[in-house]
Amino acid sequence: MEKELLMCFGSQLKKLRKEKGLTQQNMADMMGTTMRNYQRYEYGMINVTATTLNFFADFFGVPTDYLLGRGE
C-alpha cells in the first residue's frame with residue numbers, strides 16, 4: 001500500500017512539473033536540495049514529509065489529496 005501511494009504521488013508530481021515546463025533540477029533548486037533527492041520523490045523512493053507535501057501543493061496550486069491520488 002505504501003509503495004503504491006508513493007508511486008502515485010511521484011507520478012502526479014512529475015505530471016505537474018512537466019505541465020509547468022520545469023526540469024527536475026529547477027525543482028531541486030527551488031527546494032534547496034539536490035536533483036537526486038528531488039528525483040527520489042518522483043520515483044517513489046522516499047516518503048514525503050507534511051511540510052514538503054504542502055510545499056508542492058501550494059507551488060502547483062492543487063490540494064494535497066490530488067498529489068496523493070485521492071482527487072481530481
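Good morning. I begin with Q12, a residue placed in helix 1; helices here are DSSP runs of H or I with at least four residues, strands are runs of E with at least two, and both are numbered from the N terminus. Q12 has a relative accessible area of 14% and is therefore buried. Buried stands for under 20% relative accessible area, exposed for over 50%, and partly exposed for what lies in between, with a 1.4 Å probe and protein chains only.

A word on the source. This is a predicted model, in which local features need pLDDT of at least 70 and side-chain atom pairs count only at pLDDT 80 or more, while totals for chains, interfaces and linings use all residues. Residues are numbered from 1 along each chain as its sequence is written, and side-chain values use heavy atoms, with hydrogens and water left out.

To return to Q12: which residues does Q12 contact, leaving aside its neighbours within four places in sequence? They are Y66 and L67, where contact means heavy atoms within 4.5 Å. The C-alpha atoms of Q12 and L68 are 7.7 Å apart, although 56 residues separate the two along the chain. L67, in turn, touches C8, F9, Q12, L16, L53, F56, A57 and V62, with residues up to four places away in sequence not counted.

L67 leads us to the core. The largest nonpolar core comprises 16 residues, and those with the most contacts inside it are F9, L13, Y38, Y41, F56, F60 and L67. By nonpolar core I mean a set of buried Ala, Val, Leu, Ile, Met, Phe, Trp, Tyr and Cys residues joined through side-chain atoms within 4.5 Å. Two or more residues of this core come from each of helix 1 (2-19), helix 2, helix 3, helix 4 (50-60) and helix 5 (64-67). Which element gives the most to this core? Helix 4 does, with four residues. As background, nonpolar side chains in soluble globular proteins tend to be buried together.

Let us look at helix 4 itself. T52, L53, F56, A57 and F60 are its buried residues. The buried residues of helix 4 pack against helix 1, helix 2, helix 3 and helix 5. T52, for instance, is buried because its relative accessibility is 14%, and T52 contacts M31 and Y41 once its neighbours within four places in sequence are left aside. N54, also placed in helix 4, is partly exposed, with a relative accessible area of 39%. After helix 4 comes G61, whose phi is positive, near 70°.

I turn now to helix 3, which spans residues 35-42 and includes Y38. Is Y38 buried or exposed? At 0% relative accessibility, Y38 counts as buried. Not counting residues up to four places away in sequence, Y38 touches L13, R17, Q24, M27, A28, M31, T33 and F56. Together with Y38, the buried residues of helix 3 are Q39, Y41 and E42. Seen down the axis of helix 3, these fall within an arc of 150°, so they too line one face. Their packing partners are helix 1, helix 2 and helix 4. Just after helix 3, G44 takes a positive phi of about 70°.

Two helix pairs remain. The axes of helix 2 (residues 24-31) and helix 3 come within 8 Å and cross at roughly 110°; axes are lines fitted to C-alpha atoms, for helices over the stretch in contact, and angles run from 0 to 180 degrees between N-to-C directions. Helix 2 and helix 3 are therefore roughly perpendicular, a label for 65 to 115 degrees, with under 35 roughly parallel, over 145 roughly antiparallel and the rest oblique. Q24, Q25, M27, A28 and M31 of helix 2 make this contact with M35, Y38, Q39, Y41 and E42 of helix 3.

Finally, the axes of helix 1 and helix 3 come within 7 Å and cross at roughly 115°. Here L6, F9, G10, S11, L13, K14 and R17 in helix 1 meet Y38, Y41 and E42 in helix 3. Thank you.

Note on methods:
Arc of directions from axis to C-beta.
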